[in-house]
Each structure stands twice: as structure tokens, then as C-alpha cells.
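Below is a colleague's note in numbered points, to be read beside the coordinates. Please go through the points in order with the model open.

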Amino acid sequence: MKVGFIGLGAMGRPMAGHLQKAGHQLFVWARRLASVGDLAATLCPTPAELGRCCEVVFTVVTSSADVEALALGRDGLIEGMAPGSVLIDCSTIAPESAREIAARLGEKGIALLDAPVSGGVQGAIDATLAIMVGGEAGVLERVRPLLECLGQRIVHIGPNGAGQVAKACNQMIMVAAIQAAAEAMRLAAAAGVDCAKVQLALAGGSAASRVLDVMGERMVKRDFSAGIEARLHHKDFGLVLEAGRKSGVPMPLTAAVGQQLNALMAQGWGRDDTASLLRVLEVR
Amino acid sequence: MKIGFIGLGIMGRAMVLNLIKGGHTVTVWARRAESMQPLLDAGAGAAEGPAGAAQGNEIVISMVADAPDVAEVMRAVAAAAEPGLVAIDMSTIAPAAARRIGEELAAVGIDFLDAPVSGGEVGAIAGTLSIMVGGSEAAFAKARPAFECMGKNVVHVGACGAGQVTKAANQIVTGMGVLAVAEAFAFAAKNGVDRSKVREALLGGFAYSKILENHGQRMLNRNFKPGFKSWMHEKDLNIVMQTAHELGLCLPGSAATAQMFNAMVGSGMGEEDSIAVLKLLERLSGQE
């Protein structure tokens with residue numbers, strides 16, 4: 001299949017690679033040419049041009065505004081993509097943005113799936129991402145083989161926007177768990193206890209979690225180099241808290257964790273890993 | 001002075017009456033015609049639309065709900081304004097939004113002041129509002145006589161946006177203050193202690209505040225009529241939290257408080273006074 005890919009960052013690059021390895025013909029557009037690297041793909045001059053060449057287009061970028069600009073802006077995908085083609089947006093954006101973009105594309109007969117992913121850079125490299133999909137079930141079935149190149153757990157959540165709602169839930173739980181792990185590590189250290197041993201012991205009990213495994217280990221090793229840059233979680237928390245506000249749903253823990261992320265940003269650790277929440281607790 | 005006034009809600013209505021009482025000539029406009037009538041009866045003139053409120057006046061004041069409303073009426077004002085007009089927004093909106101509106105108006109030669117108020121309906125009626133002003137010294141000097149009819153504590157804080165920053169700071173203190181008094185009352189009641197006595201005792205010490213005195217008394221009376229509606233306090237705290245997010249500023253207390261107000265709106269208490277947060281606390285702890 002002719003597949004377009006926009007957003008060759010830490011997540012997008014390995015994802016594009018998997019699609020290409022599976023035998024699909026890859027077309028890319030990149031703001032910075034350097035990000036294309038040695039990827040065997042046809043370079044397109046604009047998103048619109050890329051849209052003209054492809055049956056399915058993936059986007060993996062940062063913000064709602066980025067996706068809107070790519071999809072609907074000048075020389076955007078909407079100008080090139082044919083009726084019946086599908087845009088799969090794997091970015092994490094606001095549910096209502098996903099719905100708005102879907103409506104605009106729908107006027108031209110282009111389908112959108114909001115398909116945010118979880119699993120981090122490692123999950124992207126290993127092609128083990130969890131993919132939560134919003135959009136028409138029939139459209140998902142058409143492109144499912146493509147998504148299966150990227151992840152193992154592909155769940156149709158509901159109509160457009162539903163995938164982003166699921167991703168918001170994912171981010172709330174994950175970052176709160178990182179904060180919990182950070183507080184536990186901080187307490188252990190302050191009490192003069194070996195953090196590595198605490199982490200090892202906890203991993204076998206009721207507190208075991210993927211976050212405690214991965215982030216706990218980073219904290220123990222004090223390795224704060226980015227897996228996922230904390231600024232992205234900070235961005236996501238803006239979306240999550242806004243969604244809670246729009247629904248009138250109190251989220252006291254999420255709000256508290258959001259403030260720790262604000263402090264993390266203020267310390268200048270936005271491009272480091274979110275395990276840096278431990279370092280926020282160490283600020284004196 | 002000839003003054004145009006846009007927005008005649010609980011606050012705006014009382015502020016206009018004080019401007020009239022102060023001898024100013026006021027023309028008013030509001031989206032709902034019925035809210036204009038009492039003021040026309042009191043001697044105000046009727047403007048046709050926000051543009052009409054600007055035409056022929058020396059200053060024009062808006063007192064509306066949120067930033068998009070302010071932007072909308074100020075665009076109409078900009079289109080109709082004559083040179084030398086001072087446009088003043090007394091609504092509570094985000095500092096960034098105020099700065100944007102100020103820049104747009106400056107581009108067409110209109111001086112803009114952000115001048116949000118504190119003091120609630122009581123202060124608006126009594127003409128004792130606190131008014132915190134951002135904008136140029138010259139525009140402030142020109143508008144000052146009007147401010148002094150509406151408020152007692154009129155402070156020129158700094159450049160455009162500074163008034164809204166001050167108001168956001170005010171909402172942090174009042175939001176947490178209301179929650180603090182409500183929590184103290186819930187604590188006293190759960191311990192079987194008379195909260196009115198607690199209030200009385202606290203008023204003599206370091207916990208004294210206007211909120212403990214006034215809002216505390218209304219909590220005791222279980223008078224949850226607004227006043228200041230909790231959905232508006234929630235909106236204001238959202239301005240605080242969004243600004244904190246953009247700046248990378250850690251405000252744990254404000255964040256927790258904002259969630260309580262969020263819960264109030266979500267559970268249908270948005271139209272009640274923000275002191276109804278006491279009811280929410282009581283429900284959470286099974287004190288009803």
C-alpha cells in the first residue's frame with residue numbers, strides 16, 4: 001500500500017520503519033529534512049503533495065495545532081488526499097480537536113482515525129504499542145493490517161475523539177504512578193534505605209507496575225535522559241485537566257501531579273525524562 | 001464625563017448606578033434588552049450595540065463574562081471609536097488575553113486599561129470595590145474619576161495585563177480563603193463543636209479575614225445565594241491554572257482548590273455562591 005508518514009521524531013521514525021519493512025511504499029514529508037535520515041522513502045514537497053500520493057497517511061506530531069495545520073492548513077493534507085483515503089493521527093491531542101478535524105476532513109470524504117499510542121519509544125521500536133482508536137469501526141478494519149505493524153493491542157474505543165479520551169486516561173494513570181514511584185524512592189532514600197532494594201522488592205508485590213519497573217529503575221540509576229520528554233507529559237496534563245474541567249469532573253490527584261510537572265518545567269528539566277519528578281521532590 | 005457601559009449583570013448594573021450618582025452621563029448596552037430597562041429608568045441613555053456605547057463618549061467600559069466576549073465588544077468599539085477614547089475592561093479575563101486586546105486597540109490608537117474588580121455585589125452597590133488597573137499612566141489619570149465613583153481602593157498596578165495578574169492573585173487568595181473557612185467549619189462540626197463560636201473566636205486572632213467574617217457568616221446562615229457564583233470562581237481559577245501551566249509555576253494549593261470548584265460546577269452548584277463549597281465538603285465527609 002502507498003503510505004504517507006509525517007512526524008519522524010523519536011516515536012515516528014521507528015513506526016515508519018516498521019511500515020516500510022512490512023512492504024509498504026513509504027512517502028514522507030518533514031519540516032527538517034535531516035529527520036528523514038536513511039529511511040528509504042519518497043520525499044514529498046508538501047503535506048498536500050504527500051496526500052495526493054497515498055491511500056493512508058500517518059501523523060505523529062506534538063500538539064493539536066500541529067495536527068490542525070498539517071491536516072487543514074495551507075498545502076495541508078486536505079488539499080491532496082482523495083475521497084476514501086484515511087488519515088491516522090497517532091499524536092496525543094485534545095479530543096475535541098480530533099472531532100473537529102474529523103468533521104472537516106469528512107466533508108471531503110476523507111476519514112480520520114484518532115489513534116494515539118502508548119508504550120513509549122521502546123514500544124515503538126519493538127512494535128508493541130498499545131493503540132487506542134476513535135473513528136468508524138469499518139475504517140479501522142480497513143487499515144488494521146497497517147496498525148498491526150506497529151502494535152499488538154489495537155482497541156476500537158468509539159467514535160472520533162474516543163481514542164484521545166482513552167489516551168488522556170492513560171496519561172493520568174501513568175504520570176500519577178511515576179509521581180507515586182518518585183515519592184516512594186524519595187522516602188526510601190531519606191530514611192537511609194537502599195532504593196534499588198526497595199524497587200526490587202516492590203516489583204514482586206501488589207505495587208508492581210510497568211512504571212515502577214521502567215521509571216523506578218531510571219530513578220534508582222538516576223538516569224534522567226529522556227525516554228519520553230517530560231515536556232510532553234506536561235503538555236498532555238494541560239489537555240487532561242481541561243477535559244476534566246469541561247466535564248465538571250474533579251480530579252484532585254491529577255491536578256496535584258500537574259503542579260509537580262509545572263515545577264519540573266520551571267527547573268528546566270522539560271527535555272529530560274519524566275522520572276525527573278524525583279528530582280522535583282529533592283529541590284530544597 | 002461621558003461614559004459608555006457594556007454589560008449589565010449583577011456587577012455592571014450596580015456600577016452604572018454609581019456612575020450616574022457621581023454625575024456622569026452614561027449610555028448603556030447589554031445583550032439582553034430587559035437588563036437595560038432599570039438603568040434607563042434611572043437616567044442612563046440607551047446605546048445601539050457596543051459600537052454605540054463607544055461613539056461620542058470619552059471612555060467606554062465593558063463588564064462581561066469572559067475573554068471572547070471582551071474581544072468581541074472591543075472589536076466593535078475599535079471600529080466605531082474616535083481618537084482619544086479610553087477603553088476599559090473591568091471583567092476578569094486571562095492576563096494574556098488582556099494584553100492581546102490592549103495591543104489590538106493600541107494598533108488603532110485607542111488606549112486600553114484592564115481594570116478588574118474585587119468586592120462582589122456588595123462592593124459594587126456600595127461603590128467600595130477594589131479596582132486593580134493595568135495600562136498607561138495617562139489613560140489611568142483620565143479614567144480615575146470614573147473609577148472613584150465605583151470603588152474605594154483604586155490602584156494603578158502597572159502596564160497592560162498587570163490588573164488581570166493582580167485579579168488572578170486575588171482569586172487565588174479568595175478561592176483558597178473560602179475553602180479554608182469551609183474546611184475549618186466542616187472540621188469543627190465533625191468534632192461536635194459549634195462553628196459560630198469557632199468563627200467568633202477566630203475573628204480575634206491571626207486567622208481573621210474578611211472572608212472569615214463575611215463569607216463565614218453566610219456559611220453559618222446557610223445562605224448560598226450569589227454573591228459570587230461558583231462557576232465564575234471556577235473560571236477565574238482556571239485562568240490562574242492555565243497561566244501557571246504556561247509559565248511553569250507550581251501552585252499546589254490553587255490546583256486543589258480549582259478541583260473543588262470544578263466539582264461544584266459538575267455537581268450542579270455552579271449558580272450558587274462559591275461558599276457552597278461547604279456543602280460539597282459536607283457531602284464528601286457524610287455530614288449532611
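1. In chain B, strand 4 (residues 59–62) runs parallel to strand 5, joined to it by 4 bridges, where strands are DSSP runs of E of at least two residues, helices are runs of H or I of at least four, both numbered from the N terminus, and two strands pair if DSSP finds at least two bridges between them. Within this pairing, Asp89(B) of strand 5 is the bridge partner of Ser62(B). Between strand 4 and strand 5 of chain B the chain passes through helix 4 (residues 67–80), giving a right-handed β-α-β crossover, a term that applies if, with the strands pointing away from the viewer, the path from the first strand over the helix to the second runs clockwise.

2. This is a predicted model, in which local features need pLDDT of at least 70 and side-chain atom pairs count only at pLDDT 80 or more, while totals for chains, interfaces and linings use all residues. Residues are numbered from 1 along each chain as its sequence is written, and chains are lettered from A and ligands numbered from 1 in the order in which they are written.

3. Strand 5 of chain B also pairs with strand 6 (residues 111–114) of chain B, in the parallel sense and over 4 bridges, with Ala87(B) opposite Phe112(B).

4. The contact between the chains takes 17 residues from chain B and 17 residues from chain A, two residues being in contact if their C-beta atoms, placed from the backbone, lie within 7 Å. On the chain B side, helix 11 (230–247) and helix 12 (252–266) each supply at least two residues, and helix 12 of chain B gives the largest share, 10 residues.

5. Chain A is assigned domain 1 (2–158) and domain 2 (165–282), with bounds from an automatic or database domain assignment. The centres of these two domains of chain A, taken over C-alpha atoms, are separated by 28 Å, and their contact takes 10 residues from domain 1 and 10 residues from domain 2.

6. Chain A contains 13 helices and 9 strands, and 48% of its 284 residues count as buried.

Conventions
A residue is buried if 20 or more other C-beta atoms lie within 10 Å of its own, exposed if 12 or fewer, and partly exposed in between; C-beta atoms are placed from the backbone.
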